[in-house]
Amino acid sequence: MSTHANVLDDLEWRGLVADSTDRDALHEHLGTGSVRYYVGFDPTAPSLHLGNLVQILTARRLQEAGHTPYLLVGGATGLIGDPRDSGERTLNSADTVKEWVERLRAQLERFLDFDGPNAATMVNNHDWTASLSTIDFLRDIGKHFPVNRMLARETVKRRLESGISFTEFSYVLLQSMDYLNLYRDHGITLQFGGSDQWGNLTGGVDLVRRADGGHVHAFSTPLITKADGTKYGKSEGGALWLDPEMLSPYAFYQFWLNVEDAKVGELLRVFTFLEHDEIEALEAESAEKPYLRLGQKALAAHVTTLVHGAEETARIEAASAALFGGGDLTALPGTTLAAALREAGAVTAPAGEDRWGIVDLFVAAGLAKSKGEARRTVGEGGAYLNNERVTDPDLVPGPEHALDGGWLVLRRGKKNLAGVELV
RNA sequence: GGCGGGUUGCCCGAGCGGCCAAUGGGAGCGGACUGUAAAUCCGUCGGCGUAGCCUUCGAAGGUUCGAAUCCUUCACCCGCCA
């Protein structure tokens with residue numbers, strides 16, 4: 001278990017510190033007692049995702065080491081949006097942002113402890129920006145930001161060619177002001193965030209010094225990427241949401257289980273609370289017998305438990321074992337099969353005279369976006385019914401294909417499964 | 001405010017009156033090889049259906065037998081000049 005001071009060593013061991021203000025000063029500061037720190041989340045979507053999870057778990061590590069977390073939800077900054085390389089953002093309506101703020105709060109509450117001596121606190125930057133006058137903002141905050149230095153920031157420089165609005169250009173002032181306010185009102189002296197936030201983090205540190213002469217700290221966590229440097233999430237057909245309505249826990253678990261060998265160790269360090277020796281042991285075993293995928297299994301189990309709970313994880317593990325265990329599907333008892341398919345994703349379809357063809361079933365089960373795609377998949381040899389390749393796109397499965405309990409098992413490619421219950 | 005350049009399918013980027021549903025690359029999807037890994041190779045990659053039809057090339061009009069390609073207006077972006 002980490003203590004006040006050595007938590008930074010743990011974070012560094014886990015590869016969670018990409019950049020930091022004076023490292024030794026920060027280390028010393030963390031040794032002085034329960035440091036109040038904050039991390040912000042902007043409501044730019046209805047759910048938090050994989051990238052946010054890094055911050056959430058880092059916040060928890062600091063709390064477990066005795067420090068005091070403040071979780072900021074950006075009710076104000078979410079109305080603006082920070083500059084990103086892909087270009088100017090489309091503004092979301094105030095109502096939408098408000099709704100997302102509430103959803104993010106609810107998600108965040110599960111991960112930290114809101115009781116005890118170093119209980120977590122939720123704050124919303126809308127509370128101190130809503131009534132702020134433009135003149136006060138320009139006089140009290142704006143005066144501390146030389147435009148020449150703002151223009152030199154990497155995120156801004158990259159946008160100067162393609163264009164950037166004053167709105168997004170000004171974002172750093174808002175986030176910096178958050179730090180100043182939290183420093184003044186709550187004695188917060190540490191902020192962290194993703195490495196893409198580094199400019200905003202240092203902006204706040206500078207503002208606290210310029211405005212109040214205060215010395216505060218900041219560090220950034222690394223961007224989590226695949227072994228080839230690209231982002232996670234795109235290849236799996238969407239962002240890795242934490243909300244079970246937006247990404248099923250089964251799909252979430254499968255994501256971790258399918259992580260590349262080369263990344264397992266790194267991800268275990270970042271996303272699990274396993275001790276150092278446990279992780280090193282898993283890394284060693286994985287290097288020796290990668291085909292057993294012990295690292296992936298541990299990773300999937302731990303992270304899914306953190307996000308979706310132990311019960312759900314147990315159901316998913318059972319489902320995965322049943323569906324990918326290599327056994328004969330037709331030998332599975334109906335109850336096991338039904339439970340497994342409900343985790344993986346299941347739909348119902350008529351069993352009578354009006355029953356559907358294989359192409360419609362693939363679309364209904366969500367394994368293909370259109371009939372054309374389903375038809376194509378059959379043509380490519382990637383469509384399976386009950387683990388047998390389908391070669392005829394006009395096949396109309398009937399009761400004679402049904403497994404125990406009236407189920408059909410559809411599969412696209414190697415690992416996309418769905419169940420159809422004939423009723 | 002003036003002049004010039006630009007806006008193409010998930011992304012980048014060709015096309016510049018018919019042969020364009022639109023070259024190429026990337027991503028994605030499928031197959032082979034494997035370990036529900038990586039790399040590699042092959043195939044595929046708007047929708048409906050397989051005759052062909054329908055909807056796409058910033059938006060709306062127009063010219064034409066026919067336009068992503070020409071004209072007009074509008075919106076947004078970039079550059080130079082005020």
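User: Which residues does Tyr-38 touch, not counting residues up to four places away in sequence?

Analyst: This is a predicted model, in which local features need pLDDT of at least 70 and side-chain atom pairs count only at pLDDT 80 or more, while totals for chains, interfaces and linings use all residues; side-chain values use heavy atoms, without hydrogens and water. Residues are numbered from 1 along each chain as its sequence is written, and chains are lettered from A and ligands numbered from 1 in the order in which they are written. Contact means heavy atoms within 4.5 Å. By that rule, and leaving out residues up to four places away in sequence, Tyr-38 touches Tyr-70, Leu-72, Gln-175, Asp-178, Tyr-179, Leu-182, Ile-188, Leu-190, Gln-191 and Phe-192.

User: Does Tyr-38 count as buried or exposed?

Analyst: Tyr-38 has its place in strand β2; strands (E, at least two residues) and helices (H or I, at least four) are DSSP runs numbered from the N terminus. Buried means under 20% relative accessible area, exposed over 50%, and partly exposed in between, with a 1.4 Å probe and protein chains only. At 1% relative accessibility, Tyr-38 therefore counts as buried.

User: What is the order of the strands in the open sheet?

Analyst: Two strands pair if DSSP finds at least two bridges between them. β5 (residues 190-194) and β6 (residues 217-221), for example, pair in the parallel sense over 5 bridges, with Gly-193 opposite Ser-220 in β6. The sheet has 6 strands with mixed pairing, in the order β1-β6-β5-β2-β3-β4.

User: Which strands stand at the edges?

Analyst: The open sheet runs in the order β1-β6-β5-β2-β3-β4. A strand at the edge has a single partner, so one of its sides has no neighbour in the sheet; this holds for β1 (19-20) and β4 (121-124).

User: At about what angle to β2 does helix α11 run?

Analyst: Axes are lines fitted to C-alpha atoms, for helices over the stretch in contact, and angles between N-to-C directions run from 0 to 180 degrees. Helix α3 (residues 50-64) lies across β2, β3, β5 and β6 and runs at about 165° to β2. Helix α11 (residues 171-186) lies across β2, β3, β4, β5 and β6, and its angle to β2 is about 150°.

User: The backbone oxygen of which residue lies 2.7 Å from a polar atom of the side chain of Thr-58?

Analyst: Thr-58 has its place in helix α3 and counts as buried because its relative accessibility is 0%. Its contacts, not counting residues up to four places away in sequence, are Leu-11, Leu-16, Phe-192, Phe-219 and Thr-221. A polar contact is a pair of N or O atoms within 3.5 Å; within protein, one must be able to donate a hydrogen and the other to accept it, and residues adjacent in sequence count only if both atoms are side-chain atoms. The backbone oxygen 2.7 Å from the side chain of Thr-58 belongs to Val-54.

User: How far does a polar side-chain atom of Lys-415 lie from a phosphate oxygen of RNA strand B?

Analyst: A residue is near a strand if one of its heavy atoms lies within 4 Å of it. RNA strand B is surrounded by 31 residues, with Lys-415 listed among the closest. For Lys-415 and a phosphate oxygen, the distance is 2.6 Å.

User: Which helix gives the most to the surface near RNA strand B?

Analyst: α9 (154-162), α13 (249-257), α17 (310-324) and α20 (371-379) each supply at least two residues of that surface. The helix that gives the most, with 4 residues, is α20.
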